[in-house]
Amino acid sequence: MVTIIDRTLTTLNTARIDSQAIRHFCELLFIGGVTRIELPTSLAVRLKLSGLSGNTDAGESCFLVQKQNGRQQLLPNDLIEQNFSGHALPDIARRKIRLTGMADLLQGDYATIFEQLLCSDADALDLCPSNRQYCATAIALEWLFAGGHSVSGTFAGHANFACLEEVLMGVKLKNPTAFTGDLSVFRPLRIYYEQLSGLPVSPTKAVIGTDIFKVESGIHVDGVLKNPATYEPFSPETVGNQRKIVLGKHSGLQSVRYKLREQQLSEASEKSILELIKERCSQLGRTLSDLELYALAREVKNDDQAKIYC
Amino acid sequence: MTIKQKYIVDTTLRDGEQSPGIAFTLNQKVAIASALDSMGVSRIEAGTPAMGKAECQAFEQIKRTCRRARIIAWNRMNREDINRSLSCGADIIHVCVPSSDLLIREKLRLSRAALIEKMAVCADLVHSAGKELTIGLEDASRADRDFVVLLTQSAIKLGATTLRISDTVGIMSPSTIKACLNQIPTGIAIEIHTHNDLGMAVANTISALRSGAKYADVTLFGIGERAGNCNLEHLLIATQGQLDFGIRLDELQLRQSVLSAQFRPPSRSSRHPIGLL
C-alpha cells in the first residue's frame with residue numbers, strides 16, 4: 001500500500017474559503033484514493049479537526065488521514081523537507097524526509113538514483129517533485145513503480161507540483177485490481193478546485209479536462225464506435241466524464257451517420273452533408289453544433305428536392 | 001557534457017489539427033508550416049491528403065513555401081490514400097500501421113498476416129513513385145512486443161527509412177518506453193510519438209530520445225487528440241543543455257505568441273487559453 005499525499009490546501013489561500021467546501025473537497029480526495037491530506041495547522045484548527053490536541057510540537061502543517069471506519073484524524077507532519085538536485089545524494093538514514101525539487105531527474109540515470117534512495121535506510125521517504133520541467137508526474141510514478149512508498153502532489157498540479165489526478169490514474173492503470181479509489185470524483189473535485197483556486201482548468205487537461213473525450217476525426221470516431229477502447233486510455237465514466245462525438249473538418253461518414261441518427265434525421269444525403277460540414281468547418285475554424293447540423297441537413301434536403309422537381 | 005543532436009517532426013497540422021474544435025484554413029496552415037520551417041523543424045507532417053481537395057491544395061502550397069523542412073503526408077494503409085499523397089508532392093509518405101491486436105481486430109478486422117501483406121503492397125506503391133517511405137506503428141504501447149519486432153523487421157525489409165513508435169492512447173511511462181525501444185531491432189531510425197493522457201508526453205519523449213530515438217513528434221501548444229501531444233515548447237525547456245533540436249526556444253516562444261490566435265477556437269472563452277496547466 002503506497003502513501004499518496006495531497007498538499008493542495010497548503011498551496012492555496014484558504015482564509016476566505018467556506019469550511020464546508022474544504023471539508024467536502026477533503027472527503028472527495030479520500031474517495032479518489034488519496035491516503036493523506038496535508039493542510040495548514042491553522043486551517044485544521046478552524047475546521048475543528050481532532051487529533052492534534054495536546055501536541056504542542058505541531059508545525060506549520062499536519063496530515064489528515066481517514067481510518068478504515070471512515071473517521072478522520074489529524075497527525076503531525078513529521079517529514080523534514082529537503083531540496084534534492086538529483087546529483088549529490090543527501091544523508092537521509094534514520095530520518096523522515098520529503099525530497100523536493102529534482103525537476104530534471106529524468107534527464108539522468110534516475111533508476112540508479114531511485115535504487116540508492118531505496119537503500120538509504122530512511123525511516124520515511126516521500127518524493128514531492130517539481131513540475132518546472134513538465135516531468136513531475138512521470139518522476140512520481142516511476143518512483144512508485146520502482147518500489148517507493150510515498151509521493152506528494154497537488155490537484156491539477158497547483159503551484160507546480162505533480163498532478164495528483166495523473167498520479168492516481170497512473171497507479172490505477174498499473175494495477176487496476178489493487179487500486180481501491182473511485183476516480184469518478186474527479187469531476188466534482190475539478191469544480192471545487194476551480195472554486196477554491198479561482199483558476200479555470202484547461203478543457204484538455206489530462207484526466208480531468210472537460211473536452212478530453214470529445215472525438216472528431218473520422219478515423220478515431222470509426223474506431224470508438226466499433227470499440228471505445230481503441231482510442232481511449234480509460235473510459236470517460238471512470239473519471240466522471242462522458243464521450244461526445246462532434247462534427248468538424250476531420251469528420252468521416254461514420255460520424256455523420258451517427259449524428260444524423262442521434263438527431264433522428266434522414267441519412268439519405270449523408271455524403272452531401274459530409275462535404276458541406278467539412279467546407280463550413282474549414283471556413284468557420286470550429287466544429288458544428290447539433291442545431292447547425294439540423295439546419296445543414298434541412299438545407300441539403302431542400303436542395304435535393306429542388307433538383308428533382310425543377 | 002556532449003549535447004546530442006536530435007530532430008523534430010512537427011505534427012501540429014495533422015494530429016494537432018485532429019483536436020476537436022480546431023480547423024485551420026488554407027492560409028493558416030501555410031503560415032504555421034512556414035513558421036515551423038523558418039525555426040528549423042526538420043520534418044513537417046502537413047496533413048492527410050485523403051481528406052480531400054482542400055487538404056491537397058494546402059499541401060501543394062506548403063511544399064512551395066517551405067525551404068528546408070521535408071513535408072510528410074499521413075496515410076492509412078490503402079492505395080487511395082497513398083495515391084492522393086503522391087499526387088500532391090509530399091517528400092515523405094508516412095503509412096500508419098495499426099499494431100495492437102485490439103486495433104487490428106476491432107478496427108481493421110484483419111489478421112496479423114493480412115496486415116503485413118497490406119504493408120508490402122503500400123510500400124511497393126510508394127517506392128514505385130520514387131518516394132521516401134516511413135512507417136508508423138499505431139498503438140505500439142498496447143501491441144504484443146514480439147509482433148512489434150516482427151513489424152519492425154518487415155519495415156526494414158520493405159525499405160522504410162524511419163519507424164514511428166506511437167503511444168496512441170498515452171499510457172506509457174519513461175521506463176516502459178525504454179524497455180520497448182531496447183527490444184526494437186537496429187537498422188532503422190526511430191521516431192517517438194507520444195500523447196499526454198497521463199501528463200507524461202514530455203517525459204516519455206525524453207526517455208525515448210535517451211534510449212536511441214532520433215526524431216520526436218511534437219505539436220505547437222501541445223494540441224492533439226484528447227489531452228494532446230508532446231508540447232514542443234515544454235520539450236525544449238526540459239531538454240535545454242542536453243539535447244539540440246536546432247530550434248531556439250526564444251524564437252519558438254516569439255512565433256507562438258504571433259500564431260496563438262489561430263489556435264484558440266471561438267467556442268472557447270479567453271479564460272481557457274491553450275496550454276494553461
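Q: At what angle do the axes of helix 2 of chain B and helix 11 of chain B cross, and within what distance do they come?
A: In this predicted model, the axes of helix 2 (residues 26–39) and helix 11 (residues 249–259) of chain B cross at roughly 170 degrees and come within 11 Å.

Q: Why are helix 2 of chain B and helix 11 of chain B called roughly antiparallel?
A: Angles over 145 degrees count as roughly antiparallel. The crossing angle is roughly 170 degrees, and the two helices of chain B are therefore roughly antiparallel to each other.

Q: What makes helix 8 of chain A and helix 9 of chain A oblique to each other?
A: The axes of helix 8 (residues 218–226) and helix 9 (residues 253–262) of chain A come within 7 Å and cross at roughly 60 degrees. Angles under 35 degrees count as roughly parallel, 65 to 115 as roughly perpendicular and over 145 as roughly antiparallel, with the rest oblique. Helix 8 and helix 9 of chain A are therefore oblique.

Q: Which residues make that contact in chain A, and how do they divide?
A: Gly218(A), Val221(A), Asp222(A) and Leu225(A) of helix 8 meet Gln254(A), Ser255(A) and Tyr258(A) of helix 9. They comprise 3 nonpolar, 3 polar and 1 charged.

Q: How many residues does each chain bring to the contact between chain A and chain B, and which helices of chain B each supply at least two?
A: Chain B gives 42 residues and chain A gives 51. On the chain B side, helix 5 (101–108), helix 8 (174–183), helix 9 (201–210) and helix 10 (232–239) each supply at least two residues. That side divides into 20 nonpolar, 15 polar and 7 charged residues.

Q: What ipTM and pTM does the predictor give the complex?
A: The ipTM is 0.94 and the pTM is 0.93.

Q: Over which residues of chain B is the pLDDT below 50, and why does low pLDDT matter for reading coordinates?
A: Chain B has a mean pLDDT of 93, with 95% of its residues at 70 or more. Over residues 265–277 of chain B, however, the pLDDT is below 50, although this stretch has 26 contacts in the model beyond near neighbours in sequence. Where pLDDT is low, predicted coordinates should not be read in detail.

Note on methods
Residues are numbered from 1 along each chain as its sequence is written. Chains are lettered from A and ligands numbered from 1 in the order in which they are written. This is a predicted model: local features need pLDDT of at least 70, side-chain atom pairs count only at pLDDT 80 or more; totals for chains, interfaces and linings use all residues. Axes are lines fitted to C-alpha atoms, for helices over the stretch in contact, and angles run from 0 to 180 degrees between N-to-C directions. Helices (H or I, at least four residues) and strands (E, at least two) are DSSP runs, numbered from the N terminus. Two residues are in contact if their C-beta atoms, placed from the backbone, lie within 7 Å. Ala, Val, Leu, Ile, Met, Phe, Trp, Tyr, Cys and Pro count as nonpolar, Asp, Glu, Lys and Arg as charged, and the others, Gly among them, as polar. pLDDT is the predictor's confidence in each residue, from 0 to 100.
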